Amino acid sequence: MFDAKKIKEDIVKWIRDWFSENGPGCNAVLGISGGKDSSVVAALCVEALGKDRVIGVLMPNGEQFDIDVSKKLVEHLGIKHYVINIKDAYKGLLDELEANLEEVSVATTTNVPPRLRMATVYAVAQSNNGRVANTCNLSEDWVGYSTRYGDAAGDFSPLSFLTVQEVKAIGRELGLPDMFVDKVPIDGLCGKTDEDNLGFTYEVLDRYIREGICEDPEIKELIDKKHKANLFKLSFMPCFKP
């Protein structure tokens with residue numbers, strides 16, 4: 001049985017200890033999407049460090065239809081935040097790529113925004129005595145549903161070993177409103193939900209991760225294939241040793 005209260009308290013202590021060793025007096029800085037992961041990480045950092053040491057960065061790419069949820073989160077937590085639109089940076093880089101490459105793949109156009117967003121979060125952190133919080137969870141990492149050097153980057157990661165269902169339980173333990181914990185996860189890149197892109201639900205994935213049970217053999221095969229193909233994202237960069 002997952003003990004959300006104990007795990008929440010353990011994470012809060014872990015964040016405090018990490019900052020004591022790696023950034024005494026520094027601020028926690030993170031991208032805010034309004035979804036469960038960034039909401040839970042922001043709330044954990046507030047509990048660990050105090051709201052005056054947590055900074056949220058909202059990064060629409062032009063118009064973002066659900067940015068009001070992100071704004072409501074930072075208001076709910078009472079944290080300082082910046083809204084930095086990446087549209088011009090995205091368009092400028094994409095124009096240069098299209099002008100110089102024979103072909104710009106769909107995967108490229110999909111992954112440029114999260115990499116620009118991470119560069120933005122680090123820029124805000126360096127200008128605000130900050131350390132960057134990663135907001136990925138175990139379920140997403142398991143099947144590679146993240147962008148390397150984009151949302152997969154960060155200086156510390158409170159949720160990397162927690163599944164989606166466990167993250168939601170932590171969110172409820174933190175007293176976050178349902179609108180943040182249960183918001184349908186949308187990648188913010190192509191307009192589809194996470195589960196549409198993956199081809200299975202997080203509930204099915206989480207059960208397979210924790211219990212090794214997946215009743216649909218085709219989905220099991222798909223999960224295994226994605227996990228194997230994306231293991232490199234979870235490893236340090238291979239380095240040659242002479």
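**Reading the model**

Modeller: Begin with T163, which counts as buried at 2% relative accessibility. Keep in mind that this is a predicted model.

Biologist: Where is T163 placed, and which residues beyond its sequence neighbours is T163 in contact with?

Modeller: T163 sits in the loop between α6 and α7. Leaving aside neighbours within four places in sequence, the contacts of T163 are L138, S139, D206, I209 and R210.

Biologist: Y149 is in that loop between α6 and α7 too. Is Y149 buried or exposed?

Modeller: Y149 counts as exposed, because its relative accessibility is 53% and the cut-off for exposed is over 50%. Its phi is near 65°, a positive value in a residue other than glycine.

Biologist: What is the phi of N129, and where does N129 lie?

Modeller: N129 has a positive phi, near 50°, and is a residue other than glycine. N129 belongs to the loop between α5 (106-127) and β4 (130-132). With 44% relative accessibility, N129 is partly exposed.

Biologist: How should I read a nonpolar core?

Modeller: In soluble globular proteins, nonpolar side chains tend to be buried together. Here the largest nonpolar core has 37 residues, and I15, F19, V40, L44, L77, F156 and L176 have the most contacts inside it. Two or more residues each come from α1 (4-22), β1 (27-31), α2 (36-49), β2 (54-58), α3 (67-77), α7 (164-173) and α8 (178-181). The largest share, nine residues, is from α2.

Biologist: Which residues is L44 in contact with, leaving aside its neighbours within four places in sequence?

Modeller: L44 is in contact with K8, I11, V12, I15, P158, L159, I170 and L174. Another core, of 15 residues, lies apart from the largest one; M59, V112, M118 and A153 are among its members.

Biologist: What about disulfides?

Modeller: A disulfide is a covalent bond between the sulfur atoms of two cysteines. In this model the count is zero. As for individual cysteines, C214 is buried, with a relative accessible area of 15%, whereas C239 is exposed at 57% relative accessibility.

Biologist: How many of the lining residues are nonpolar, polar and charged?

Modeller: The lining of the second largest pocket has eleven nonpolar, seven polar and four charged residues.

How values were computed: Residues are numbered from 1 along each chain as its sequence is written. This is a predicted model: local features need pLDDT of at least 70, side-chain atom pairs count only at pLDDT 80 or more; totals for chains, interfaces and linings use all residues. Side-chain values use heavy atoms; hydrogens and water are left out. A nonpolar core is a set of buried Ala, Val, Leu, Ile, Met, Phe, Trp, Tyr and Cys residues joined through side-chain atoms within 4.5 Å. Buried means under 20% relative accessible area, exposed over 50%, partly exposed in between (1.4 Å probe, protein chains only). Helices (H or I, at least four residues) and strands (E, at least two) are DSSP runs, numbered from the N terminus. Contact means heavy atoms within 4.5 Å. Ala, Val, Leu, Ile, Met, Phe, Trp, Tyr, Cys and Pro count as nonpolar, Asp, Glu, Lys and Arg as charged, and the others, Gly among them, as polar. A disulfide is a pair of cysteine sulfur atoms within 2.5 Å.
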